[in-house]
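Reader: I have a model open on my screen. Please show me how to read its features.

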Amino acid sequence: MHDATSAPTLSYYDYIIVGGGTAGCPLAATLSQNASVLLLERGGSPYGNPDITNMASFGVALSNLSQLSPSQRFISEDGVINARARVLGGGSCLNAGFYTRAATEYVRQAGWDGRLVNESYQWVEKLVAFEPALGQWQSAVRDGLMEAGVVPFNGFTYDHIYGTKVGGTIFDQQGNRHTAADLLEYANPSGLTVLLHASVQKILFTIEGERRPKAHGVIFIDSSGVKHEAYAAYLKEGSKNEIIISAGALGSPQLLMLSGVGPAAHLKAHNITVVLDQPLVGRGMSDNPMNAVFVPSPLPVEVSLIQVVGITHLGSYIEAASGENFAAASGSSPPRDYGMFSPKIGQLSTVPPKQRTPEAIAKAVENMNNLDQAAFGGGFILEKIMGPISTGHLELRTSDPNDNPSVTFNYFKDPQDLQRCVQGVQTIEKITESKSFSKFRYDYQSWPELLNMTANAPINLLPKHYNPTMPLDMFCKETVMTIWHYHGGCQVGKVVDLDYKVLGVDALRVIDGSTFNSSPGTNPQATVMMLGRYMGVKILGERLAN
């Protein structure tokens, strides 16, 4: 790994990968076995950063709004506060760690080779996946799920199976995070160059006569503002050398547009030369909505992130996190925070999405800091819906690749998504009222009071129109948050083909979650890492066959 400031102003490689994230790292490691690879990452290294490595620090990176943060906050046009990764390893450096595979039906619909998919998952799992140690609270959620009818119990498994299961985690038994960056251990060191703080400005194309545009290089800027050019080395006609974009669901469609591939009128409005009029770039953006219920506990609970999942037949997934005393400022004791559901990281269910202003967040953080310590005992039971069916779109705000694009997800626009949320929240109610979970809930708190507390307290900011008999569809809409599983923008069949080659241009692919039509499994990171390895093997196979 080198800082991009050390890079030559001109260089040549067989493959140039833009984005050292959850897909880019395994892809680079694989391609380096038989080719020269340049991996360009706009962020820094995750190593030596306890805010990334330590489970107990979960949320600190997400609440860091500095330019050097491994996380870059964005707010969708829907008003939901979100984040994108800016670090080697991508979202696997920021997430809650749950590791679980896609359903076999998802693999079949994607047109993937099942055997190679399994081998690719196993390749990932050898380095970064672990079985979690279940504490009492997570065990109570597990048993409550089964009482609620989410059966059978499938034990510990990475597989996506209806019922209740314990999934994998990228946190080891010592609470240390393992990320997609660790997969670079598989790389051939002589075949891979990794540059950090390398911000790719655009893909370069050659356009000869009537032929299709051909990607042949990139321009990137280092942290000192110095411009560099890297080119795919074309040794002969018909060469297999390529540029591959793995910049994530926001970064990949954004970079295509900045490079002249996208809706022509939109590009012209930003003074971008049109290389290919492709109106579907940036379309089909989705984010799986998450809604959660806070359940205060009379008993102490373990600190846990996602470990158990209920995969229902209703189209919702039930997960839980407890003892959210994370993200404490150093020296503060005991910590006063709601971790995965903290307003510090933008998770604010106490006001409707459009009212989640910086002032509202600051007020919520202040209120949280003033709470009695007892308010932090307990945990959140959440539901996220599969799919989703509702989609939105992404557009450029500026021509600066470091600026966030404008993105609209249209949460719950499709009534089936809303129905799935309602049914998911009803399943949470059954868990909280189950015999198995009873010792972790105060007897005197009714279900409407728990909903009321989630929508108002403990982080006050009461919406004026709220009443305890709010219908669940209103609860879903007004308390919606993200679980960071957004995807789309460069979808298969619309922007890329089944081999992830960008339609209408040569020597350019997109390989990451931006290509998904729906989110894989209950949590996508396992499948994004798998896809990097899977496509690396496929691409090398094509290369060597030549």
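**Helix packing and sheets**

Author: Start with two helices. Helix α5 (residues 114-128) and helix α13 (residues 525-545) pack at an angle of about 120°, with their axes 8 Å apart. Helices (H or I, at least four residues) and strands (E, at least two) are DSSP runs, numbered from the N terminus. This is a predicted model: local features need pLDDT of at least 70, side-chain atom pairs count only at pLDDT 80 or more, and totals for chains, interfaces and linings use all residues. Residues are numbered from 1 along each chain as its sequence is written, and side-chain values use heavy atoms, with hydrogens and water left out.

Reader: What does the angle make α5 relative to α13?

Author: Axes are lines fitted to C-alpha atoms, for helices over the stretch in contact, and angles run from 0 to 180 degrees between N-to-C directions. Under 35 degrees counts as roughly parallel, over 145 as roughly antiparallel, 65 to 115 as roughly perpendicular and the rest as oblique. So α5 is oblique to α13.

Reader: Which residues in α5 and α13 meet?

Author: Contact means heavy atoms within 4.5 Å. From α5 come L116, V117, S120, Y121, W123, V124 and V128. They meet A526, T527, M529, M530, R533, Y534, V537 and K538 in α13. These residues divide into eleven nonpolar, two polar and two charged. Ala, Val, Leu, Ile, Met, Phe, Trp, Tyr, Cys and Pro count as nonpolar, Asp, Glu, Lys and Arg as charged, and the others, Gly among them, as polar.

Reader: Which strands does α13 lie across?

Author: α13 lies across β3 (15-18), β15 and β26, running at about 160° to β26.

Reader: What is the strand order in the open sheet of six strands?

Author: Two strands pair if DSSP finds at least two bridges between them. The order is β1-β11-β4-β3-β15-β26, with parallel pairing. β1 (2-3) and β26 (508-510) each have a single partner strand, so one side of each lacks a neighbour in the sheet. Strand β15 (residues 242-245) pairs with β26 over three bridges. There, I243 stands opposite L508 in β26.

Reader: Is Q347 buried or exposed?

Author: Buried means under 20% relative accessible area, exposed over 50%, partly exposed in between (1.4 Å probe, protein chains only). Q347 has 2% relative accessibility, so Q347 counts as buried. Q347 lies in the loop between β21 (316-322) and α9 (358-369).
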